[in-house]
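Biologist: I've got a model open and I'd like to learn how to read it. Could you walk me through a few features?

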Amino acid sequence: KTCERKGFDTDRMLMRDEEVSYALGKDGATRKKLELASGAILQYVGHVAFIAGDLTERRRCREFVQWLLQQRRGPVTITEIKRRDDVTEVKIPAN
């Protein structure tokens with residue numbers, strides 16, 4: 001369940017056992033990093049991730065969780081970097 005309300009609200013995201021375990025991390029370290037990076041509040045209760053914050057924070061957190069889970073299956077490529085306000089693109093020369 002996601003809410004499109006711009007103000008503070010809570011979204012829910014269903015997850016499998018292994019996804020919750022991976023997204024939580026040892027001693028909750030991964031969850032804390034996701035919270036810090038997104039600005040949202042992220043808590044897991046059973047198989048449900050509760051994501052609280054304003055609309056931008058909730059969307060960003062959901063996207064970060066999805067990227068994290070995709071990493072379990074292989075490399076993740078982030079597209080449309082120019083439209084994002086939460087990253088800085090750095091070009092690294094080949095030499």
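Modeller: Keep in mind that this is a predicted model. Let's begin with a charge and a ring: Arg72 lies over the face of Tyr22, 5.2 Å from the ring centre.

Biologist: Which residues form the aromatic pair, and is it stacked, tilted or edge-to-face?

Modeller: You look at the distance between ring centres and the angle between planes; from 30 to 60 degrees, a pair counts as tilted. The count here comes to one aromatic pair. Phe64 and Trp67 have ring centres 5.6 Å apart and planes at 35°, so this pair is tilted. Both residues belong to helix α3, where they sit three residues apart, about one turn of the helix.

Biologist: Why does Phe64 count as buried?

Modeller: The cut-off for buried is under 20% relative accessible area. Phe64 has 13% relative accessibility, so it counts as buried.

Biologist: And Arg84, buried or exposed?

Modeller: Arg84 counts as buried too, because its relative accessibility is 10%. You'll find Arg84 in the segment after α3 (55-70). Its side chain makes a polar contact of 2.8 Å with the side chain of Asp86. Leaving out residues up to four places away in sequence, Arg84 touches Arg60, Glu63, Phe64, Trp67 and Ile78.

Biologist: How many of the six residues of β3 are buried?

Modeller: Five of them, so β3 is mostly covered.

Biologist: Which residues of the largest nonpolar core touch the most other members?

Modeller: The largest one has 16 residues, and Met15, Leu34, Leu42, Tyr44 and Val65 touch the most other members. The elements giving two or more residues to this core are α1 (17-24), β2 (41-45), β3 (48-53) and α3. The largest share, six residues, comes from α3.

Biologist: What is Met15 in contact with?

Modeller: Setting aside neighbours within four places in sequence, Met15 contacts Val20, Ala23, Tyr44, His47, Ala49, Val65 and Leu69.

Notes. Residues numbered from 1 in each chain as written. Predicted model: local features only at pLDDT ≥ 70, side-chain atom pairs only at ≥ 80, totals over all residues. Heavy atoms only, no water. Helix = DSSP H or I, 4+ residues; strand = E, 2+ residues; numbered from the N terminus. Buried < 20%, exposed > 50% of the residue type's maximum accessible area, 1.4 Å probe, protein only. Polar contact = N/O pair within 3.5 Å; in protein donor to acceptor, adjacent residues only side chain to side chain. Contact = heavy atoms within 4.5 Å. Core = buried A, V, L, I, M, F, W, Y, C linked by side-chain atoms within 4.5 Å. Phe/Tyr/Trp six-rings, centres within 6.5 Å; stacked < 30°, edge-to-face > 60°. Lys NZ or Arg CZ within 6 Å of the ring centre and 35° of its normal.
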